[in-house]
Amino acid sequence: MTGSGARETSLPPMAECVVIGGGVIGVSCAFRLAEAGVDVLLLERGELGGGSTAKAAGGIRSSFTSRVNVELGLRGLAAYSAFSRDFGTEIDFRRDGYLYLVSDPADVAAIGHCAELQREYGVRSHLLEPAEAKRVMPLLDTSGIVAALWSPDDAKATPDAVVQGYAKAARACGAQLRSGVEVTGIERDGDALTGVVTSAGVVRTGAVVCAAGAWSGRIGELAGLDLPVRPFRRQVVFTGPVPGLPDCVPLTIELPSAFYFHREGPGLAMSFSEDDGFPGFGTHYEAGDWLLRLAELAGRRIPAVLDAGIRTAWAGLYEVTPDRNQIIGESVLLSRFFYATGFSGHGFQMGPAAGELVRDLYLGRPTAVDIAVLDVRRFENVDTAPAEHHIV
């Protein structure tokens, strides 16, 4: 697809590094690279932030189950808490917390271990009794809940504002950002990159960053590489005003159903992670059985929402890897091909860290976080890392 109107789609004949993808990961990478003095060109097939980032819940957390993800989450929290000061862009950052509701007694020990891991990093996560969880979120019906994990310092922000803030900063550092330009080929000479073919022409380059989200598998194919990232549809419903809704509503997740909700204006945004089914790029919203199941989950856990009605709904794409953890690294098969993708629902919160990591990989510097376990080669082994929670 090519651009139209005043949108700039003319391309420079060459660039030191081409970033493919204009969501939060791509613009973060473009900014950090340009800030370090790299000649950067970012290409986005649609609008900046118009893919999965536009439909992200905006959650930012450190309450993960692995060390690398806790560290990446903490870097995201730190960056977003200072974003308006550092970038001059208001992103509506709020520390409303994350609240995990545990309904299966067999999960309590594992959740407790997660809290212990998080506390090693200074995260104030701790287990609550059901009555304590209700004090955190008064509209909850805690029937069937056996425990909860409360992370009060986790937060929420507006993804589109973050993209615009990073994009503005990247341009100020000399990066060129082009929307409405689709990558249709990647040229190589043996194991060396030589160029990127697009709907607006060819750009000579010796380095590429794949930050194409749900489309990363296709970009990998163009480069002759296997990036095991597949697109799966996720649906979200937005309600009308909810009676008695507190101003502070934690992003609340019920386990193991993966039903979640968070405040959106005077109402709630709600969803649950259905079975993946078959991968595809369709983003049409289908109510049907999914909506009936959502109503059942919502009515059981937060009954007041049943009087609110549905204001709107949409479907978007998750970029999912086999173990639901991101892949970040540099290809060993194609020189100077970097990837930061497959975040499986965690991309927005890990956007700041991804930009720093890709910059350091590009410059050949040690990364602030040990990301060896996130290398794509882990999928060559039978035993991969444990799956993360694939929600918000």
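Predicted model: local features only at pLDDT ≥ 70, side-chain atom pairs only at ≥ 80, totals over all residues.

Visitor: Great. What is the strand order in the open sheet of 8 strands?

Guide: The order is β5-β6-β4-β14-β15-β16-β13-β17, and the pairing is mixed. At the edges sit β5 (126–128) and β17 (310–320), each of which pairs on one side only. On average, neighbouring strands in this sheet are turned by 25 degrees against each other, direction ignored.

Visitor: How do β5 and β6 run, parallel or antiparallel?

Guide: They run antiparallel, joined by 3 bridges. His 126 stands opposite Trp 150 in β6.

Visitor: And on to β4: which way does β4 run relative to β6?

Guide: Antiparallel again, with 5 bridges joining β4 to β6 (residues 147–151). Trp 150 turns up here too, as the bridge partner of Leu 99. With β14, β4 pairs in the parallel sense over 5 bridges, and there Tyr 100 stands opposite Ile 253.

Visitor: How many residues of β4 are buried?

Guide: 5 of the 5, so β4 is largely enclosed by the rest of the structure. Tyr 98, Tyr 100 and Val 102 point one way, while Leu 99 and Leu 101 point the other way, and all are buried.

Visitor: Switching to helices, what does α8 lie across?

Guide: Helix α8 lies across β4, β13, β14, β16 and β17, and runs at about 55 degrees to β13.

Visitor: Which residues of α8 are buried?

Guide: Trp 290, Leu 294, Leu 297, Ala 298, Gly 299 and Arg 301. What covers them includes β4 (98–102), β13 (230–239), β14 (251–255) and β16 (267–271).

Visitor: What span should α8 have, going by its residues?

Guide: At 1.5 Å a residue, the 14 residues of α8 (288–301) should span 20 Å. Its end C-alpha atoms are 21 Å apart, which agrees.

Visitor: Last one, the arginine you mentioned. Where does Arg 378 lie?

Guide: Arg 378 lies in the segment after α9 (347–363).

Visitor: Is Arg 378 buried or exposed, and why?

Guide: Arg 378 is buried, because its relative accessible area is 10% and buried means under 20%.

Visitor: What does its side chain reach?

Guide: The side chain of Arg 378 reaches the backbone oxygen of Gln 326 at 3.0 Å.

How values were computed:
Residues numbered from 1 in each chain as written. Heavy atoms only, no water. Helix = DSSP H or I, 4+ residues; strand = E, 2+ residues; numbered from the N terminus. Expected span 1.5 Å × (residues − 1). Buried < 20%, exposed > 50% of the residue type's maximum accessible area, 1.4 Å probe, protein only. Contact = heavy atoms within 4.5 Å. Pairing = 2+ DSSP bridges. Axes fitted to C-alpha atoms, helices over the stretch in contact; angles between N-to-C directions. Polar contact = N/O pair within 3.5 Å; in protein donor to acceptor, adjacent residues only side chain to side chain.
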